[in-house]
Amino acid sequence: MIDFFKRPLFSDFRFIFAVYFVLTLFASVRIVFWEGSNNYSIFYYSLEHLINNQSLYSEYPAQYSDHYHYAPTFAALFSPIFALPYSLGLFLWHFLFTGVWVYAIYKLPLTHQQKVFAYWFGVQELFTSLVNSQTNPMIAALSVFAFLSFEKKQPFWAAFFIMLGFNVKIYSLVAAGLFILYPQKIKFLASMVLWAVVLAVLPLLFATPAELYHQYELWVTQLMIKSDGDIWANTSIHRLIHLAISPTIPTAAIIGVGVAIFCTVYVRVGRYREFTYQLLMLASVLIFQVIFNPVAESPTYITAVTGVVIWWVVSPRTTLDRVLLISCFVLTILSPTDIFPPYLRKTFVLPYALKALPCVLIWFRIVWLMLLPAPPTVASRSAKLQVSSLGTSPAEN
């Protein structure tokens, strides 16, 4: 499978970007002209509700089903798109998130061939997110941008990307775990506070302070309701544990154990400067924020799959690693598609949340690799490439 991507045509970025453009165009046209998007309707009307001092978190069955679960800042951030006519904004929505994710992969300090593999391995999972008009490709990209900012000794911008992600999906805050590996920690923490305040008050462009305060109260209440929902309505480690052990295990306990395991890797202080270790931490961050999210759904897995491709770059390439990668491709990426046998999907994958299982196992594999006293032997490790700015392309060879 990996050698297939080394063929000249499939290694040509122009061809790869053309494929992504066509798939995004297909998704946009199909959704705008035929299917519509309940998710985008939830996003789109949030600006109107914010301006009119209506609760962002109430039900509006005439406009969409389900609830708005995002911070008030989300409506203000995307106001330039939500201010456009509905169909035009929906059409551009998919191109925005495809473009951000593709750019994030392009800016990673990897070799050309490693990026090629990432693009082909992730294309189906990205499409799964696109057809649901989800924000998840951007969530993955923001963690990557935070990592790149840390690498360039720019904690101010790392904090910006992390807090921006938090205001879209709160689990993006996990990316702050990267800061332990880098210098200028005080500057980073101060920048986090600054950006938290700036982004929190951004909706004041459309609401009074009293109105905005009330929206934040409603947001916190909505988050509590959503995270305390049906334990069987998620695709994450929570459901795997509830199925395998007991449905009475509290969500908070599972998350608490996950955080404790996540933090164990910090004992390897001597490895903080290793590029292999830093990439593994980025992979851990990307996967953690999906598998430990108690309301994770299938379209969120583009974030976890991004972590998987980063892990693969520095994995030892043992038989175990190859089995894990293939299982991720089959169960996580292919299982929701039409080429996967429907009987197997309905009988095994969906009831037992098997889409989550490979990513969970890979995350534990990453933690193990990070706990080793020395970096593992990597079959094809790239040298660390210098990234001077987000606008500078790393060497590709």
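## Ground rules

Helices here are DSSP runs (H or I, at least four residues), numbered from the N terminus. You're looking at a predicted model, where local features need pLDDT of at least 70 and side-chain atom pairs count only at pLDDT 80 or more, while totals for chains, interfaces and linings use all residues. Residues are numbered from 1 along each chain as its sequence is written, and side-chain values use heavy atoms, with hydrogens and water left out.

## Leu331 in helix H15

Let's start with one residue. Leu331 sits in helix H15. Setting aside neighbours within four places in sequence, Leu331 is in contact (heavy atoms within 4.5 Å) with Val349, Leu354, Lys355 and Pro358. Trp195, by comparison, lies 136 residues from Leu331 in sequence and 38 Å from it in space, C-alpha to C-alpha.

## H6 and its two partners

Helix H6 covers residues 112–130 and H15 covers 319–334; they pack at an angle of about 25°, with axes 9 Å apart. Axes are lines fitted to C-alpha atoms, for helices over the stretch in contact, and angles run from 0 to 180 degrees between N-to-C directions. On the H6 side you'll find Phe117, Phe121, Gln124 and Glu125, meeting Leu325, Cys328, Phe329, Thr332 and Ile333 of H15. That contact has 6 nonpolar, 2 polar and 1 charged residues. (Ala, Val, Leu, Ile, Met, Phe, Trp, Tyr, Cys and Pro count as nonpolar, Asp, Glu, Lys and Arg as charged, and the others, Gly among them, as polar.)

H6 also packs with helix H14 (residues 301–314), at about 165° and with axes 9 Å apart. That makes H6 roughly antiparallel to H14, and the crossing is right-handed. Residues making this contact include Gln114, Ala118 and Leu126 of H6 and Tyr301, Val305 and Trp312 of H14. By class, the contact of H6 with H14 has 11 nonpolar, 3 polar and 1 charged residues.

## H12 against H13

Helix H12 (residues 251–264) and H13 pack at about 175°, with axes 11 Å apart. H12 is therefore roughly antiparallel to H13. Gly258, Val259 and Phe262 from H12 meet Met281, Ser284, Val285 and Phe288 from H13. No charged residues turn up in that contact, which has 5 nonpolar and 2 polar ones.

How many cavities of 30 Å³ or more does a search of the whole structure find? There are 3. On a 1 Å grid over the protein atoms alone, a cavity is a set of points where a 1.4 Å probe fits but cannot get out, and lining residues have an atom within 4 Å of a point. Volume is the space filled by probe spheres set on the points, with grid points joined across faces, edges and corners.

The largest cavity holds about 90 Å³ of space. Its lining includes Asn136, Lys169, Tyr171, Gln289 and Thr303. Helices H7 (136–151) and H13 (275–291) are the elements giving two or more residues to that lining. Sorted by class, the lining of the largest cavity has 4 nonpolar, 6 polar and 1 charged residues.

Technical notes: On a 1 Å grid over the protein atoms alone, a cavity is a set of points where a 1.4 Å probe fits but cannot get out, and a pocket is an open set with protein on both sides within 12 Å along at least five of seven lines; lining residues have an atom within 4 Å of a point. Angles under 35 degrees count as roughly parallel, over 145 as roughly antiparallel, 65 to 115 as roughly perpendicular and the rest as oblique. A crossing is left-handed if the near helix is turned anticlockwise from the far one by less than a right angle, and right-handed if clockwise.
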